[in-house]
Amino acid sequence: MNTQTYISDDLVAIQSKLKESPWLITCLCAAWCGTCKSYREAFDLLQNAHPEKCFAWIDIEDYADLVDALDIENFPTILIQYESKLLFLGTMLPDANLVNRLISSLDDSLQRLGLDQTPSTIQNSDYPLPANWSLRELIERIDWEN
C-alpha cells in the first residue's frame, strides 16, 4: 500500500489513493472561508497520522458537481466514508485533533464490531443525506480524458 503523502486537493491523486484504501476522509470547504484557509495545513498533516487512509480537501465551489446534493452551509464540514458506507457527515470545529480522535474512534469501532454492525450513518442532522449518494463513487467516476 502506498503510504506516501500527496496533495489532498489533487483529485487524480485522490482517485489513485482510493484504489488502495477503503477510507475516505474529506474536508468540504470553500476558498473564501478564512477558517478553512487556516485549517488546511493541520488537516493535511493528518495524512501523516493515518497514511493508509485517503484524505481529500474538496472546495465545494470548484467541485460543486460532487457535493451539490449536500447543500453545505457551514465550514469546515467533515465527511468520512469506509468503502461505500458513510460513517460521519457534519460540521466540526477546525481542530485536527478532534478529527484525528473521530477517525481513530471509527477505525476502532470497525475493527471491534465489523462494518456490518456499525450504524448506517452517523450524520449531523443539518445535512440530510440523499439516498444512495456516495462521494467516493462520484470521485472514482471522474473521467479526466473527457
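**Exercise 1. Helix α4**

Which residues are exposed on the other side of α4?

*Solution.* The model is predicted, so local features need pLDDT of at least 70 and side-chain atom pairs count only at pLDDT 80 or more, while totals for chains, interfaces and linings use all residues. Residues are numbered from 1 along each chain as its sequence is written, and side-chain values use heavy atoms, with hydrogens and water left out.

Step 1: the limits. Helices (H or I, at least four residues) and strands (E, at least two) are DSSP runs, numbered from the N terminus. Buried means under 20% relative accessible area, exposed over 50%, and partly exposed in between (1.4 Å probe, protein chains only).

Step 2: the length. Helix α4 covers residues 96-113, which is 18 residues. The expected span is 1.5 Å times one less than the number of residues.

Step 3: the buried side. A96, V99, L102, I103, L106, D107, S109 and L110 are buried. Viewed down the axis of α4, these buried residues fall within an arc of 160 degrees, so they line one face. The arc is taken from the directions from the helix axis to the C-beta atoms.

Step 4: the other side. Here N97, R101, Q111 and R112 are exposed.

Step 5: the cover. Contact means heavy atoms within 4.5 Å. The buried residues of α4 are covered by elements including β1 (23-29), α2 (34-49), β2 (54-59), β3 (77-82) and β4 (85-91).

Step 6: the start. D95 caps the N-terminal end of α4. A side-chain oxygen of D95 lies 2.8 Å from the backbone nitrogen of N97.

**Exercise 2. Salt bridges**

How many salt bridges does the structure hold?

*Solution.* Step 1: the count. A salt bridge is a side-chain nitrogen of Lys or Arg within 4 Å of a carboxyl oxygen of Asp or Glu. The structure holds six.

Step 1: the pair in α2. R40 bridges to D44, with the closest N and O atoms 2.9 Å apart. R40 and D44 are four residues apart in helix α2, so about one helical turn separates them. D44 is partly exposed, at 22% relative accessible area.

Step 2: D107 and K53 form a salt bridge at 3.0 Å, N to O. The pair links distant parts of the chain, with D107 in helix α4 and K53 in the loop between α2 and β2, 54 residues apart. Both D107 and K53 are buried.

Step 3: the pair in α5. E137 and R141 meet at 3.4 Å, N to O. Both lie in helix α5 (residues 135-141), four residues apart. E137 is partly exposed at 31%, and R141 is exposed at 59%.

Step 4: the network. Salt bridges with shared partners join D9, R40 and D44 into one network.

**Exercise 3. L135 and Q81**

Which side chain has a polar atom 3.3 Å from the backbone nitrogen of L135? Describe the surroundings.

*Solution.* Step 1: the core. The largest nonpolar core has 44 residues, and L135 is among those with the most contacts inside it. Such a core is a set of buried Ala, Val, Leu, Ile, Met, Phe, Trp, Tyr and Cys residues joined through side-chain atoms within 4.5 Å.

Step 1: the partner. The polar atom belongs to Q81. Q81 is found in strand β3 and is buried, at 1% relative accessible area.

Step 2: the neighbours. Beyond four places in sequence, L135 is in contact with residues including L24, T26, L28 and Q81.

Technical notes: Polar contact = N/O pair within 3.5 Å; in protein donor to acceptor, adjacent residues only side chain to side chain.
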